[in-house]
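Visitor: I am new to reading protein models. Could you take me through a few features, one at a time?

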4 protein chains.
Amino acid sequence: MALIRMDHLAENLKVNLPLYIIVPEPGAMRGIPVRERKVLYLLHGLSDDASAWSRFSTIEILARRYGLVVVMPSVGRSFYIDQPNGQAYFTYLTQELPRYLEDVFGIQPGREKTLIAGLSMGGYGAFKAALLRPERYFAAASFSGVLSMDIWAAHASDQRQTEFELLFGDLNRLPGSEHDPSVWLERAAQNKSVLPRLFAACGRQDDLLPTNLQFKSRCQSLGVALDYHEEDGRHDWPFWDRQIQRFLGMVLEPEE
Amino acid sequence: MALIRMDHLAENLKVNLPLYIIVPEPGAMRGIPVRERKVLYLLHGLSDDASAWSRFSTIEILARRYGLVVVMPSVGRSFYIDQPNGQAYFTYLTQELPRYLEDVFGIQPGREKTLIAGLSMGGYGAFKAALLRPERYFAAASFSGVLSMDIWAAHASDQRQTEFELLFGDLNRLPGSEHDPSVWLERAAQNKSVLPRLFAACGRQDDLLPTNLQFKSRCQSLGVALDYHEEDGRHDWPFWDRQIQRFLGMVLEPEE
Amino acid sequence: MALIRMDHLAENLKVNLPLYIIVPEPGAMRGIPVRERKVLYLLHGLSDDASAWSRFSTIEILARRYGLVVVMPSVGRSFYIDQPNGQAYFTYLTQELPRYLEDVFGIQPGREKTLIAGLSMGGYGAFKAALLRPERYFAAASFSGVLSMDIWAAHASDQRQTEFELLFGDLNRLPGSEHDPSVWLERAAQNKSVLPRLFAACGRQDDLLPTNLQFKSRCQSLGVALDYHEEDGRHDWPFWDRQIQRFLGMVLEPEE
Amino acid sequence: MALIRMDHLAENLKVNLPLYIIVPEPGAMRGIPVRERKVLYLLHGLSDDASAWSRFSTIEILARRYGLVVVMPSVGRSFYIDQPNGQAYFTYLTQELPRYLEDVFGIQPGREKTLIAGLSMGGYGAFKAALLRPERYFAAASFSGVLSMDIWAAHASDQRQTEFELLFGDLNRLPGSEHDPSVWLERAAQNKSVLPRLFAACGRQDDLLPTNLQFKSRCQSLGVALDYHEEDGRHDWPFWDRQIQRFLGMVLEPEE
């Protein structure tokens, strides 16, 4: 495949940011231009940026296997939300970026051609997009995702408390707020016919396991289908590389 | 504008190469998607690659002024020809790359939307494409271009002789061969109605000035229109940065 | 010169960011390794990142002329301050980055080998570093810099008010605070013997001109030497490209 | 780790090329600066360039595990030899590049800190460097390497014949020439006390398996120690990703 590293100034972010995109190379185009291909939005974690998936996983090999266009944005430590300071990352992810891909590549994939996935903070972002904009994605995945807000209250003494309060507001009010995956889930559960296929994976040695179990349990009580996978593993790239393979293998057919 | 750095494996080159492309950023799209824009192929010189124009000139500012998509390929020291070793750079430039741009960006510009320009070896390549494929480009420019083959015979003792013989064959037979700009010119002159607008510039302190004067004289004797510009200047980036501005200013209208 | 694009995770920023560095290429090394060269920290403006100076100016040509290593960090919209959310950009710029350059390149330039400059928000950052850490830099430049805090109070109704309040705190209390260039200047004026050479330039058609005039006036009343330059010009790259040339021409000798 | 993408003009190649280098990030420096670290030269295959190992393997994770600096040059389709056209890739790899790394990073590793490895054409290059410059490397690896010249004669009708003749000369005279790994091996065998540790791996479904078996047999008859590994596998990245892990695990101790 061909790897695109792009520097662009997003309007909703008001800042220049790298954007990475994988497209087929000339010899792998097989008569299917980029604008007709399936698109995977692939989201990074808290301390990473657009370069992470390319550098630390073998996503470009997977992209070739499935003939995918893979779009990897940079969002800093924003949790993919519209920040109080005016940098609107969720709007960027769900509105500006798709429109920009259409303007630049002619990509305008229907729901049946759009997937979204992410790791850790990116799992949070992927499920937020999938549950609040279910008409957009046919499948979504969270790997080691932050899938419950109780974790913040539990970590109130954490050094990151101030950072997250500036981002989310009062952390004690997070559960039940618009930032709470449970709330997204409840909203999505009201219209199960348009739910994307959901996949979540977490390692047994990952501190975020409880948030995943909580999310899984919440899905069960709401009757929302979730492909949940647990295995020995930590919060690291070997785990995520295995899970992106697992997820794509479940929802896509190899092209080659 | 947004700068794309792309790594791709070209079929005709059989090797992975960088490709740089400038497209508008979200806030500068003005409702005109990439696929509807004018496209400038911008070619590098002998020891450069795709990164050169971006690093050493202010092309990205010019691209914004004119709303241009700028495509900057890498061709090594190939003189943009189909090399004897099978790396077919001219085919890449004039066939594979346009088709790839269509496959990736949906770009399929008509003649009235396509320009080509280059510096030094890139001036040679730009004029070769423009004169042998005149139906493709509405304007073409050579800055400090290698525009006559007599120069090689004159430099027969040069240390680069072996390199160029491996590339072009017997240097004494170059004049009058398919690699000779005069030959392209004669061919193009047979059908003046489809000639692109031609612009050539060379600095008075540039060793390549004689090749430019020779080309200019050949144009005159064949009745081919050439915008020729000469000014004090050397074979360097400040000269090329001025000339690309001059050329675009002549053939395009500013967008902003 | 050679252009380095580096992706690295800064400890004080807790996020992966691009860092651009210009070093000589093999043929331009002239026996002076990177670790013995002068270093210019070159700072971007509000909506840019590390890629801006390379893409929009001809800095790489200037770097060659003066044999400079040029270090271009990314700081988002942080104003180069230690943000309340824990992302400590000033600490990154003045402590982590120099130490990292030493660890990676062996660069440990003395004061007589270190310069700092920036545009707009980067002018603010460059002067903050130069005035609060005067023992580090022998020269500093602000191009179209934000050089007075009164501007914020004046723009209280501006849409950016919330963003800047989250960054700086109460904007009405900015004048006289640690974020006020006048305060840095007063502190620096107490020890004039270690002041870096200061250069400021602003275009006559730039909205930030009043902040520059105010800073200039403040310098005069404090007896701090300032090379101040004003000319017709706007808040744009052609102006900054001219000023970086002017600044380097004043304080450095060409190598070639 | 931090990933450096560098554009530089090599003197021996006379062309601008990408060079990728992995160094530790600030938080992984552990008090050991780049100039004191072990260095792995990691070479790409026939149709790749410097970006390949970073994009298609998880080398950056391995670099972190072992605290390695990884240097990944671009050499086109040169087979890492000094080409007849004057582009001297072997000189670049073994002389210019090490000197440049010293000039830029202060890296001047002794033999006990230098490794070299490569895949396919890169295995050929790595073993050529290791066997002809054995005083430079303490270990060398070939993954799916081209390790015998008989293969070319066997493929005389191949479409690549012309390309390789222009590169190597008469293919029938390759066996026994300076381009023949057997010849390097014989030369190296004359001074076994300074031989690097050699590792070769090839997949059982790889067309290059015979060249590896031939090399292995030649080592045995010459009494040269070779760690040879064979397993089910093809000429692809999953195989190379496994083998680079195997090789580094054999010759290095993890840092973390």
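Visitor: Take strand S5(C). Which of its residues are buried on one side, and which on the other?

Guide: In a regular strand the side chains alternate between the two faces of the sheet. Here both faces of S5(C) are covered. Thr114(C), Ile116(C) and Gly118(C) are buried on one side. Leu115(C), Ala117(C) and Leu119(C) are buried on the other. Buried means under 20% relative accessible area, exposed means over 50%, and partly exposed lies in between (1.4 Å probe, protein chains only). Strands (E, at least two residues) and helices (H or I, at least four) are DSSP runs, numbered from the N terminus.

Visitor: What should I know about the model itself?

Guide: It is predicted: local features need pLDDT of at least 70, side-chain atom pairs count only at pLDDT 80 or more, and totals for chains, interfaces and linings use all residues. Residues are numbered from 1 along each chain as its sequence is written, chains are lettered from A and ligands numbered from 1 in the order in which they are written, and side-chain values use heavy atoms, leaving out hydrogens and water.

Visitor: Which strands pair with S5(C)?

Guide: Two strands pair if DSSP finds at least two bridges between them. S3 (residues 39-43) of chain C runs parallel to S5(C), with five bridges. Val39(C) has Thr114(C) as its bridge partner. S6 (residues 139-143) of chain C is also parallel to S5(C), again with five bridges. There, Leu119(C) stands opposite Phe143(C).

Visitor: How do I read an interface? How many residues does each chain give between A and B?

Guide: The size of an interface is often given as the accessible area lost when the parts come together. Chain A gives 27 residues to the contact and chain B gives 27. Contact means heavy atoms within 4.5 Å. The buried area is about 2,200 Å², with 56% from carbon and sulfur atoms. Buried area is the accessible area (1.4 Å probe) that two parts lose on being put together, summed over both.

Visitor: How do the two S1 strands run, parallel or antiparallel?

Guide: S1(A) and S1 (residues 2-10) of chain B are antiparallel, paired over five bridges. Asp7(A) stands opposite Leu3(B).

Visitor: How many salt bridges join these chains?

Guide: Side chains of opposite charge can pair when their charged atoms come close. A salt bridge is a side-chain nitrogen of Lys or Arg within 4 Å of a carboxyl oxygen of Asp or Glu. Chains A and B share two. Asp7(B) meets Arg5(A), with the closest N and O atoms 2.9 Å apart. Asp7(A) meets Arg5(B), with the closest N and O atoms 2.8 Å apart. Asp7(A) is in S1 of chain A and Arg5(B) in S1 of chain B, so this pair joins two chains.

Visitor: Are Asp7(A) and Arg5(B) buried or exposed?

Guide: Asp7(A) is buried, at 5% relative accessible area. Arg5(B) is buried too, at 8%.
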